[in-house]
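Subject: Structure handover, with notes on its pockets

Dear colleague,

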Amino acid sequence: MRVLLIEDDPAVAASIIDALVGASHTVQHESTGAAGIQAVRDESPDLVVLDLGLPDMDGTDVCRSIRAESAVPIIVVSARSEEVDRVLALEMGADDFLVKPFGIRELIARIRAVTRRTLDGHAPAPVATERRLGPLVIDLRGQRIAIDGIQVHLTTIEYQLLVYLSEEPGAVRPRSDILREVWKTDWFGATKTLDAHVAALRKKLGSPSWIESVRAVGFRFEIPA
């Protein structure tokens, strides 16, 4: 089995690599979240062992990014032991969660268990890499959008905002949820930055009908008639 290990601690990584190689697995090691995400795209590993405490981005975001593009099994290993951390990792697409410090034999057993579920056909279904909404096409893998076949340039925040709003067309997204999911912050003051980005996004999409304002609540994504 080809295992991708995403772990920034050299000592921990060396211990896991030795154990996995000893169990007849091939291991590729990356020490940052960005490199790990790219490795999944380029190498298509059979399983990912992911640490949450990475230097460039939070491991839950890495997990979510991987799951958006691949059904590869993901085992999270982390020193975070709170229930909320385990629940969040699982909601982001992890198949299992192991709290540090852990025994190497337990890790190997967890890998075998996840692998059995995969072979039995219980692995998560692959997530679509393209979202079609009327004339709008969102390329989730390439992070590009097009309307009527014409590519539209968006900034990173505009793209992330569009992806989040369009996950459930017709659903109202509260401002606080948008700020937390797109801007990664809990903010309860003025949200003029959000309004400015929504206005810019409406203009680039060619119609304000794509994003409806819901007074005192937030915004709703709709496909124009």
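Which residues lie nearest the centre of the largest pocket? They are Arg64, Ser65, Ala68, Val163 and Glu167, out of the 25 residues that line this pocket.

Please keep in mind that this is a predicted model, in which local features need pLDDT of at least 70 and side-chain atom pairs count only at pLDDT 80 or more, while totals for chains, interfaces and linings use all residues. Residues are numbered from 1 along each chain as its sequence is written, and side-chain values use heavy atoms, with hydrogens and water left out.

A pocket here is an open set of points, on a 1 Å grid over the protein atoms alone, where a 1.4 Å probe fits, with protein on both sides within 12 Å along at least five of seven lines; lining residues have an atom within 4 Å of a point. Volume is the space filled by probe spheres set on the points, which are joined across faces, edges and corners.

The largest pocket holds about 850 Å³ of space, and helices H2 (33–43), H3 (59–69), H6 (156–165) and H7 (175–182) each give two or more residues to its lining (helices being DSSP runs of H or I, at least four residues, numbered from the N terminus). H3 provides the largest share, six residues.

The second largest pocket, at about 200 Å³, is lined by residues including Asp58, Asp61, Arg64 and Lys184, and here too the largest share, three residues, comes from H3.

Best wishes
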